[in-house]
Structure formats: structure tokens, C-alpha cells
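Subject: Handing over the two-chain model

Hi,

Here is the structure I said I would pass on. Have a look at it first, and then read on for what turned up.

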Amino acid sequence: MAAETLQSTSPRTETGKLMSGAEMLLECLVREGVDCFFGYPGGVTIPFYDALYDHHIRHVLVRHEENAAFAAEGYARATGKVGVCCATSGPGATNLVTGLVDAMMDSIPIVAISGQVHSKLIGSDAFQEADTFGITRPATKHNFMVKTLQELPQIVHEAFYIAASGRPGPVLVDIPKDVFQARGHYAPVDTIHLPGYKVFTEGHTGQIRRAAQLIWEAERPFVYAGGGIIAANAAPELKEFVELVDAPAVCTLMALGGLPANHPNFVSMPGMHGSYAANMGMTDCDLLIALGTRFDDRVTGQLSTFARHARVIHVDIDPAEVGKNRTPDIPIVGDVKRVLQKLTRVLQELAPESAKKKSEARRKWRAQLKTWKEERPYDRERAEDEIRPQHLMDEIDRLSNGQAIVASDVGQHQMWAAQLIGFNEPRLWINSGGLGAMGFGVPAAMGAQMARPDKLVFAICGDGGFQMAIPELATIASQGLPVKIIIMNNGYLGMVRQWQTLFYNNRLSAVTLDCFPDAEKLASAYGFEGRTIEKPQELTKALQQAIDYPGPYLLNVKVSPEENVYPMVPAGGSISEMVFGPPQPVTA
Amino acid sequence: MLLTISILLENKPGALLRVTGVLSARGYNIETLTVAKTIDPELSRMTIGVEVEDRLRSQVVKQMNKLVNVLQATDLTDAPAVIREMILLRVRCDQNTRTAVLKEAEIFHARVVDSSTEGFALEATGDPEKLDEFVAIMRSYGEIEVTRSGGVAMSLEGKKIRLQPPVALNEVGQTASPAQRTL
């Protein structure tokens, strides 16, 4: 291993060396700083895996290609670096699609390499042939089909550049078998030229100045920070900005950790399952400062009543997001990190004459937020006889202390985790936000743990999503990844069950998940430890045991099955009209 | 409303599908589409006529502009622009109406591209509405068959195209974080 690691610091391959396409691809990955990637081989990628045989890049053999894409996302989300996954042609490539769309929805930089049948066979319905280039076109930020060996290095570097720059996203490179096999002289690429690829970073100076004036004039300013804060590594700038203007701030599901959870100005997550204070703040503010966010329907609820008294400043790197759902008073297209740096500078410049103007009103506004927060905090109550999901998340919150990586699956547990677990740094909270892809949690945790071996990594899953990811227990065991898998097991597809209960007269259709495997036996079948608990008294000890165990751990926590996530904004409703509990039975 | 969008894009496989994908993904039906390479053979110019809800008009054009292969997409619907279309039309006519058909063709500046005892094949260009009238008139003479090109549009204003300059890969490759990279 030590000798292998040394190779990575060896000088770059000289220009003109004779190499195969597979070797060139590996060379390009090294030049892009890739230290590990996730994949699953197949017929047409054998030449690539043959070149990998004596290469130092670490390859993680997953058990399903979808999970290679999710793991690459986990890696990317935990580090900000480009995650890489690889699959063979046909079924391998089609299995990547969910992960690609997921990365697209959440703006996560990943590069997917897919094998393709021999270029002479393309279009002949050859064995394991699929039109990957066509299938993944709407699933990616951009995709490429490599036709000749000569264009391979250029395309690979372009793929990394497109994935990571501007609004990040997934890029797929489809490579026919004969391109992997062809041999030619490798010429390192030194520039890339994409004339039509437009990235707007700086922000309009005049608009930034107008925004600053508006901010100092506001009586009830409110910061609405989105995933762009994480993508742009703008957490320090956000903190400085929020402190300077002393406005309350919410971080969306994609931005948790963008402002530390223990920061006095942090309110919570807003939206469908956001807190009362967050949604009331959004509704009543007179200036909404939207930073790297896209006014998603799960955040805004009914658009016509969303922040209806507020003027809006909208900063986003993607011009198509500005004005898409809400027309801003001040649109600023740019990298939120750069824009916040400039905005903060202008605000400081204007502060001596402007900062005090509305200070009395703002003091009242902060007090109002405090009242809302105290009036209806999130439910963290515990029960004597059963483990409430909220109790579980509250304990994980306490034990992780805002420092652990939490990769969540999709559903009720995701909402409780987002509500109750605090994150004091960016890139700790990893979840499938836009697409809501079940089965994401375990492979994403795997990718995150590969990227951050120093970190405590939880995979928090429901019993539904976990069962979509069971094959990856083998990968976790094989790689020795000490991921702590916590199953919030309510025996239901909980979120669907909640909607059926609340909006479909409790007609529970196809949501009961019976025959859940014995967690202890399941874990031991893969060679690690696991257990099932159901008593609240056992919870703290069991979680601690999982954390202390030197390896992967599977903790199956049976929770109260009928619990619903509140507050809840019914789909399409105004976010100020939250529901806080089940409809009360009418008593005589 | 019916939009006319003019797009300058790279002449590459799949580029056309990316543009039309923006429309089909939203359930829009393309009414007309023309595409051919420009004086620079690496680029193509495309004109699309498509019915789009007013609310999504700018969104559609912005999404097209985001495509890596698209250098510029412009909504020409209300802009100073000329839109022309070409039509090929076959009309059956007998000895009695041949002269009248040719007279009408002349009014529309149509050219005869084929003549037989059965009738004529005519070629005309013009405003799409003008061509609609041409079709209506020819139909009154007998059975017709029509192939239309769809509109080709050209803006009458010079619009600066913002192109991304080449980017240098640094020594260790593209390892910089996205934020560093965009600075």
C-alpha cells in the first residue's frame, strides 16, 4: 500500500507516451485529483478495469450501479470535490440514471463514466447496448459521447470543468470499448474551450449597491439561504453577512450547516416541515434576502401568498433560477460567495450613516422571532413506553454535537433529522433534497466516509429506504467503512402513510412494510454487529455502543409507528398556515 | 403565444436534441424548426417556432442559453426581425386553369420549378402568413400538395455574443474547488 501511495506523487506522464484509451482516462482522472471512485465493471469496461489493475487510484466496488452514483454524490457532498462513478454499457448505464438526476436536482458535481459497445456496433441493438447518450441527456448538466481516442483527454477534462464550475451538476462521458482499447500518443490537455458555456460569477455592481441600500432600509429583513451557500463554500461569508446586518436566517434543507445551528441568528429550516418561527418569519418579513436558492415549492408553499409583503433580493449563479418562481425586486446573477463578499463590503461602507436608521424596528423584529421560536418549538418530547422518532433524532443530535456527518435517506426520518439535528459546519448534512430518492442514505454515507475517514458518519434511514440499499452492506463490510446505520423503523412507508392518514381518510394503501429482517442477524451475515431496540431506556446506550464499535454498525430502532411529522404545510397551502398535530376528535 | 426563437449553437451531434429537449420536457409542441450551418461550419443557426405559455417565455429561452452547446438563444417574437419561409407546392390543373394558376403564382412571386400536363410545381418564399394565402388560393384551383420549410428568422439588431474564453488547466489538473475555480 505504501509503495502504491508513493506513485501518486510521481511526476506526470511525459507528453507523447504511447498509451491505451483506458490508461489515458486514468491519467486524466489523476490530473483531476481523483483519489477514489465508485463503480461496477461489465463487458465493455473490462479494458478500463484491466488498466486499473495496476493503478494506484482506489476503486470501490459497489453492489449496484445506482449506488455508485449515490456514493459519488456522498463523496462530492462531503468534500465539494467532484465525485466519480463508473458503469458498463446498457443496464450499468441505465442504473446510473437515478443518481444522475439526483445530482442534477441538488446541483452536485459528479462525473459518470459509462462504457459503450464497440463503435462499429452502436445502433445495432448489440448485447448490452443502450442509447446512454440519449437517455442521460436530460439527466445531466451535459454529456459526451467519445468517438475517437484523440478527443478522449479533452472531453474528460471538459467534463470535470463543467461538473464543478458555475452551478455544479452531473456530467456523463460515454466511452465505446474500442476507444478504451485503442493506443495512441498521450498529449496532456492544457486548456479547454467551451465557447457556449456561460458562467456568471461576479454579480452586477450597481445591483449589489442597490441591494445594500435596501437591506439597511428594511425593518424586518430575513435571510433565506439555500444549497448554493454550500456549493459555493460561502458559509464564512454568510456568517459575516448575517452578523453584520443582524437578520434572522433560515437554511433550507439543502443548506443546513451553511450557518451554524448554534448561531444566535439561525432560525431553522423553512417550508413544508419547517418551524413555525421560520415560516412566520418568511411570511411577515419586509425584505427577503434569498441567497443561492431556487424558491422550491416545498419551501414557498402557495407562491401567491409567499412572503407577500416582502421585497426580494435574489442572488443565484443560474440566470434561469432568478425570476423563475418569484420575480425579485433586485436580481443578482453571480457566485453567492463573490456577491456576499462584495455586498458585505458595500454594507460596511454604508453602515456609518445607514445601520442605525431602522435599528429600533429591527430590535422588535428579532424579539418577534424569539417569541415565535419559544411559542412553538419543534417537538422533542419523549415517551416512557416507546421510542418516539423525535427522541431518536434528539439523541443523535446530542451525541453528534453538530460535528458528525449525517447522510439521510428520504421520508419522515429525513424531516425529523433535518428539524432536530443541528449542524455547525457545512457538508455534514447529506441528503437527497430535490429528487427525494429513497435508497440514497446508505450509499451516500459510504461515499462520505470514503472522503472523510476522520469523521463519525451516520446513515439515517427509514425501514423502506434501508431495504433499497441492503446490497451495499457488503461494500461497507468489504471496505471496512465504520458507517453507523441507524434505522428509524416504524414498519411503514411513513411519509406516504402520513399523507394517507391526513388527506386520504386514513385508507392505508400499500404502505405497510412487514417482514423486516432481523437486524442483528443481517449485520452478522455481513460480518459486523447490529441490534434492534424498542425501549426508550435503551436508546442512549445503544447509540453510544454503535458509535464506540470499531467498524460498521446496524442499529434498528423501533419507533412509534403512527407518529407524523409536524409542523406541516399541506401541499399547495400558504406556509403561514401550518398544521401542528392530527385533527382533534370532536368530543361531545 | 407563438414564439420565434433564434439559436446559434455548435454544429455537434446531439446539440439539436438538447435544444428541442428544453421544449419537449415541458410538453411544448414545436410548430416549425429549421437548422443549417453558418459561415463558420462549426456553428449552426436554428429557428424554432413554438407555442409557449406567456409565463414561461423567458424561462424557456434562459434554459436554452444554459446549454453548453448553445452560444446564444434569442427570443425574436417582439424584436425587430425578418421571418421568411419557403414553400414547395404542387397543384393539379387542367388546360382551362393553367394560365390563371400561373397568373396567381406571379402575384406571389412564385417560380415554376416543374411543369407537366398534370399541373405545376411551384416554389415561393415570403412571410409565413403570405404563404398561407398562397396555399389557400392554389387550393381553389385543384388538388394541391405542400411542403413548407418553416420560418427562418434573422434579427435586425446587432447583438453582442458573450463567449466564454478558453480556460487554462493548472499544473495538477482541475483540482480546485468550484468556488475557487469560478473566481
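Into which domains is chain B divided? There are two of them: domain 1 covers 2-79 and domain 2 covers 82-153. Before going further, please keep in mind that this is a predicted model.

**The two domains of chain B**

The C-alpha centres of domain 1 and domain 2 of chain B are 29 Å apart. Where they meet, eight residues of domain 1 of chain B are in contact with six residues of domain 2 of chain B. On the domain 1 side of that contact, the elements giving two or more residues are β1 (2-10), β2 (30-37) and β3 (43-51) of chain B.

β5 (residues 81-92) and β7 (residues 119-126) of chain B run antiparallel and pair over eight bridges. To find your way along that pair, look for B:Ile87, which stands opposite B:Ala124 in β7(B). Three residues sit between β6(B) and β7(B), and the two strands make a hairpin. Here B:Ser115 has B:Phe120 in β7(B) as its bridge partner.

**Chain A**

Now for chain A, which has 23 helices and 20 strands. Its C-alpha atoms fill a box of roughly 75 × 60 × 45 Å along the principal axes. Why call the chain compact? A compact globule of 588 residues would have a radius of gyration near 25 Å, and chain A has 25 Å, so the two agree. Buried residues account for 55% of the 588 residues in chain A. As for its contacts with a separation of 6 or more, 76% are between residues 24 or more positions apart.

In soluble globular proteins, nonpolar side chains tend to be buried together. The largest nonpolar core here has 216 residues, and A:Cys85 and A:Ile110 touch the most other members. The top contributor to this core is helix α7 (residues 152-164) of chain A, which gives nine residues. Another core, of 13 residues, lies apart from it and includes B:Leu89, B:Ala110, B:Leu122 and B:Phe134.

If you zoom in on A:Ile110 and leave out residues up to four places away in sequence, you will find that A:Ile110 touches, among others, A:Ala69, A:Val82, A:Cys85, A:Ala163 and A:Pro170.

**Where the chains meet**

The contact between the chains takes 38 residues from chain A and 32 residues from chain B. On the chain B side, at least two residues each come from α1 (15-24), α2 (57-66), β4 (70-75), β10 (167-168) and α5 (178-182). Of these, α2(B) gives the most, with five residues. By class, the side of chain B that touches chain A has 14 nonpolar, 12 polar and six charged residues.

β9 (residues 191-192) of chain A and β10(B) run antiparallel and are joined by two bridges. In that pairing, A:Thr191 has B:Ala168 in β10(B) as its bridge partner.

Cheers

Terms used: Residues numbered from 1 in each chain as written. Chains lettered and ligands numbered in written order. Predicted model: local features only at pLDDT ≥ 70, side-chain atom pairs only at ≥ 80, totals over all residues. Core = buried A, V, L, I, M, F, W, Y, C linked by C-beta atoms within 7 Å. Buried ≥ 20, exposed ≤ 12 C-beta atoms within 10 Å, placed from the backbone. Helix = DSSP H or I, 4+ residues; strand = E, 2+ residues; numbered from the N terminus. Contact = placed C-beta atoms within 7 Å. Rg over C-alpha atoms; globule rule 2.2 N^0.38 Å. Domains from an automatic or database assignment. Pairing = 2+ DSSP bridges. Nonpolar A, V, L, I, M, F, W, Y, C, P; charged D, E, K, R; others polar.
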